[in-house]
Amino acid sequence: MSTIFALSSGTLPSAIAIFRVSGPQSLPVLRQLSRRKVWTPKMMEYTRLYDSQHKIIDEAMAVYFPGPKTFTGEDTAEFFLHGSQAVATKFATCLSEFENVREARRGEFTRRAFHNGKMSLSAVRGLDRLIRSRTEKERRAAFGQMRGGVRAIEIRKKLKEILAKLFVIIDFGEHVELELKEAQRDVSEILHEIQRMIRAWDGAERAHRGLNIVLYGRPNSGKSSILNQLAHDDVAIVSPIPGTTRDSLVTEVQINGVRCRLTDTAGIRHHSSDIIEQEGIRRAKARLEAADIIVVVVDPESENQDFKSILSDVTEMKNAESKVIIVKNKTDLGLPYPDTPRGVQVVSTFATSSHGCDELRKSLEDIVEDLCPEANFLLDAQLLRRCSNELTCSVLCQDAAIMCSHIETALDQIGELTEGGIVTENVLDDIFSRFCIGK
Ligand SMILES: Nc1nc2c(ncn2[C@@H]2O[C@H](COP(=O)(O)OP(=O)(O)OP(=O)(O)O)[C@@H](O)[C@H]2O)c(=O)[nH]1
Ligand SMILES: [Mg+2]
């Protein structure tokens, strides 16, 4: 097994450059570079580091961690050097000169941790998420995923207990019907939890990719004014001339710690002869397909018929899970609005004065929370879905033996979540290729 090394700290120059070394050569490398035999495990010490010509490389702090109680499960050494490019390059060259020591590939430290049973696949994925997290929500979701494995172990334990009870029912059951019902109730409880986890996973995926919020409505209704209010910036041109916004315009805002791409679109007019405007309208409609939240802006000057046709665009183009909110803008005019459909959330605004915009922001926050719920435990949804299908079948069946077989299959799925199951090298390559070098 080769020993690997990498610069594990960030871009240089920096205050400190941290090199991590992992593998059987870690201690010999440390001894050789420091010209010192004795290193107390886990004790950070000052040392000078020398190259093979006995010339000093740098003054540094270094520490040695014997395996297996390390991140990778192997012997590990860490070096804290001055964070200059020249020092780091020189040090990396010296490390490469050792036999069986080479630079680590992307995510190779974590890959070794996984292979040495230090981390479950779920935890690895969580770690990947954590490193790439940019918002508070993403950070929390990443921790949820790292903890997910623990929850899976608990679920597994509960299912095993139910299974054991069922075996007793099969062999010695007296009030079979009653006992079967009890087991079904216990499974249902677990099933609900798993379904909550699936929703949480979907939500975390959405939070991770960010949400699309699209403003849609007739020209002059106030879409750009609302976008500027939500972005707290003069991002879009606002004017009394209908058709001011001709192309879609995207700006990013954070709502409840989720990155949201807020898109202003060209005003929808159904009988336009201007080809640029027609293209703008086509693009606006296309934006509806990928929208997670559609904000339909309506003003009192809208004709009933036009508003209906805008709403039917939305119904036609939106995907099943996206949410719609209607904003009645220009409330200051004190005029009546076209009829709004029942069951759709409505907020009133006076966008040129920011009146009602806080309420709109609050409504968006609620929708974002609904789409990306907070998750303490995240687990791979695909496996959870399979597990949920099996448990659903088990709850529905009236035969204890068949129920057992469904629970056993569900347990196999959970096993994959807790122990990583059979994971192909290709899957691992894909996961670890996203990691940075040094992780
Ligand atoms: N009285 C009043 N005027 C508003 C309000 N919101 C926007 N306006 C005005 O309405 C006009 C159109 O506003 P925009 O935000 O450009 O409307 P839009 O929907 O983006 O229009 P297009 O880009 O043409 O599709 C501007 O003159 C705004 O100042 C409001 O709440 N009350
Ligand atoms: Mg506009």
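Two strands pair if DSSP finds at least two bridges between them, and strands (E, at least two residues) and helices (H or I, at least four) are DSSP runs numbered from the N terminus. This is a predicted model, where local features need pLDDT of at least 70, side-chain atom pairs need 80 or more, and totals use all residues. Residues count from 1 along each chain, chains are lettered from A and ligands numbered from 1 as written, and side-chain values use heavy atoms without hydrogens or water.

Q: In which sense do strand 1 and strand 2 pair?
A: Let's find the two partners: strand 1 covers residues 3-7, and strand 2 covers residues 16-22. Four bridges join them. As one example, F5 stands opposite V21 in strand 2. The sense of the pairing is antiparallel.

Q: Which strands does helix 1 touch as it packs on the sheet?
A: Helix 1 spans residues 26-34. Contact here means heavy atoms within 4.5 Å. By that test, helix 1 touches strand 1, strand 2, strand 3, strand 4 (56-65), strand 5 (76-82) and strand 6.

Q: Which residues make up the other helix that packs on the sheet, helix 2?
A: Look for a helix touching strand 1, strand 2, strand 3, strand 4, strand 5 and strand 6. Helix 2 does this with residues 85-96.

Q: Which are the edge strands of the open sheet of six strands?
A: The order across this sheet is 3-4-5-2-1-6, and its pairing is mixed. An edge strand here pairs on one side only. Reading the two ends of the order gives strand 3 (45-50) and strand 6 (101-103).

Q: How many residues surround ligand 1?
A: A residue counts as near if one of its heavy atoms lies within 4 Å. The closest are K223, S224, S225, G243 and T245.

Q: How much of ligand 1 does the protein bury?
A: Start with the polar contacts (N or O atoms within 3.5 Å): oxygen atoms of ligand 1 lie 3.0 Å from a backbone N or O atom of N220, 2.8 Å from one in the side chain of K223 and 3.4 Å from a polar backbone atom of S239. Taken alone, ligand 1 exposes 660 Å² (Shrake-Rupley method, 1.4 Å probe). Of that area, the protein buries 89%.

Key: A polar contact is a pair of N or O atoms within 3.5 Å; within protein, one must be able to donate a hydrogen and the other to accept it, and residues adjacent in sequence count only if both atoms are side-chain atoms. Axes are lines fitted to C-alpha atoms, for helices over the stretch in contact, and angles run from 0 to 180 degrees between N-to-C directions.
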